[in-house]
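Let's take a walk through this model together. Keep the sequence and the 3D view open side by side, and look up each residue as it comes along.

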Amino acid sequence: MFEEKTEQQARQEILDLVAEYCRKFHNQKKPFVEGTRIPYASRVYDEHEMVNLVDSSLEFWLTSGRYTQEFEKKLAEYLGVRYCSLVNSGSSANLVAFMTLTSPLLGERQIRRGDEVITVAAGFPTTVTPIIQYGAVPVFVDVTIPQYNIDVSQLEAALSSRTKAVMIAHTLGNPFDLQAVKDFCTAHGLWLVEDNCDALGSQYKIDGEMKFTGTIGDMGTSSFYPPHHMTMGEGGAVYTDNPLLNKIIRSFRDWGRDCVCPSGQDNVCGHRFDRQYGQLPLGYDHKYVYSHFGYNLKATDMQAAIGCAQLEKFPSFVERRRHNFDRLKAALSGLEDKIILPEPCENGRPSWFGFLITCRDGVDRNKVVSYVEGKGVQTRMLFAGNLTKHPCFDQLREQNEGYRIVGDLKVTDQIMQDTFWVGVYPGMTDEMIDYMAKVIREALEHV
């Protein structure tokens, strides 16, 4: 006779089947064959991520919930920070981090329209987009090769009476000179936002202490898009040690509301109906009081469920990235007359996102890339190359307003012309790394 299952028994049976399905039909590793496509990045996962995803879906809570709380807590613990807020993408993380600095709650340090933010043009656009969209002014300084990070010798030249912040990324996992940038920000009372989307797990020794990048400035951001250091499909995070900034981050993420009650909970503070806000009537429902012009940038609990499983593997991801980078660099040694190999920042311990290569004079980057791609190795440019050269800047250039450039961005333009990168993601085997090195060597022989 059929025995009726309890909900928990039925749930466990489903999850066991999911695990079996994943083991049988996903992650079937095959020996690498030369010429097989090698992507610059890929997801690395097993049944734990898939089981967590289905477990969350069976609850059908859908929006942020218990897995979100678990992920925020565990990522904060890993990084050694007090507060972490999950959002729906790394771009949203940068948006929230920047908009946090526009809050009236910051008093004289509030960024207002027309104020300036020092950044670089050699990077991903969403580090800069929130600045421009708000009406603040990005001030672009050049970068250096072979670190591909901000040229700190230009910081003082970029400073003006309107400067309020520095917002820059750690390029492909390589920390920028945090000691110099942090000292500059401290000396001039500036905010520092670390775009850590390509550098989760990277470390930097500052004031004698090794810390994770993203935790040294006032705020750090991460992305969990599939190619990144860990994934939940779409997703991102903003983290900080500052309780006021954390309050503002949460407000901007959650519609701009003043209430701090967790999703699905009411009147946690006990004062939902007895306070006065703005020009609202006394006792207006605090859940519908807005202290900022915010957004809904929350992630779903299904995304967070995947992230929780990824976090357990994450330290091994970082070590494998370092291994792959070191192996590829060793395999390309001796080619320094044709290409510039990447170097870690002094005092930095990168969690490498990719392996940057700059072609020297006389070596055609496009021909090298074409050959490498033709042999099945996927390549990428250093994102925008020089962001100010893109169509999105056409009107700003024509009007000669909305941004400022310090110097001539000569190295940024060199990167735009001569630089590309290949992946070192943790799913790569030694055979794949060796094949990439072989193909790059062949490409340089042919050009």
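**A walk through the model**

Let's start with Asn 52, which sits in helix α2, residues 47-59. Helices here are DSSP runs of H or I with at least four residues, strands are runs of E with at least two, and both are numbered from the N terminus. Before going on, know that this is a predicted model, where local features need pLDDT of at least 70, side-chain atom pairs count only at pLDDT 80 or more, and totals for chains, interfaces and linings use all residues. Residues are numbered from 1 along each chain as its sequence is written, and side-chain values use heavy atoms, with hydrogens and water left out.

Is Asn 52 buried or exposed? Asn 52 is buried, because its relative accessible area is 18%; buried means under 20%, exposed means over 50%, and partly exposed is in between, using a 1.4 Å probe and protein chains only. The side chain of Asn 52 reaches over to the backbone oxygen of Ala 305, at 2.9 Å. If you skip the neighbours within four places in sequence, Asn 52 is in contact with Tyr 67, Ala 305, Cys 308 and Ala 309, where contact means heavy atoms within 4.5 Å.

How do they pack? Helix α3 (residues 66-79) and helix α9 (residues 301-331) have their axes 7 Å apart, at an angle of about 25°. Axes are lines fitted to C-alpha atoms, for helices over the stretch in contact, and the angles run from 0 to 180 degrees between N-to-C directions. So α3 and α9 are roughly parallel to each other: that label covers angles under 35 degrees, while over 145 is roughly antiparallel, 65 to 115 roughly perpendicular, and the rest oblique. The crossing of α3 past α9 is left-handed, which is the name used when the near helix is turned anticlockwise from the far one by less than a right angle, with right-handed used if clockwise.

Arg 11 belongs to helix α1, residues 7-25. With a relative accessibility of 14%, Arg 11 counts as buried. Which side chain does the side chain of Arg 11 make a polar contact with? The partner is Asp 55, at 2.7 Å. A polar contact is a pair of N or O atoms within 3.5 Å; within protein, one must be able to donate a hydrogen and the other to accept it, and residues adjacent in sequence count only if both atoms are side-chain atoms.

Now for another helix pair. The axes of α10 and α13 are 9 Å apart, and the helices pack at an angle of about 135°. That makes α10 oblique to α13. Here α10 passes α13 in a right-handed crossing. Val 368, Tyr 371 and Val 372 of α10 make the contact with α13 residues including Val 439, Ile 440 and Leu 444. Helix α13 (residues 430-446) also holds Glu 445, which counts as exposed at 62% relative accessibility.

What about the cysteines? A search of the whole structure finds zero disulfides, a disulfide being a pair of cysteine sulfur atoms within 2.5 Å. Cys 261 is in no disulfide, and the nearest cysteine sulfur, that of Cys 259, is 3.4 Å away. Cys 261 is buried, because its relative accessible area is 5%.

Finally, some backbone details. Most residues other than glycine have a negative phi, and most peptide bonds are trans. Ile 145 and Pro 146, though, are joined by a cis peptide bond, with omega about 20°. Pro 146 lies in the loop between β3 (137-141) and α6 (155-158). Phe 383 has a positive phi, near 55°, and is found in the loop between α10 (365-374) and α11 (394-399). Asn 400 has a positive phi near 55°, and its place is in the loop between α11 and β13 (404-405). Phe 383 counts as partly exposed at 28% relative accessibility, whereas Asn 400 is exposed, with a relative accessible area of 70%.
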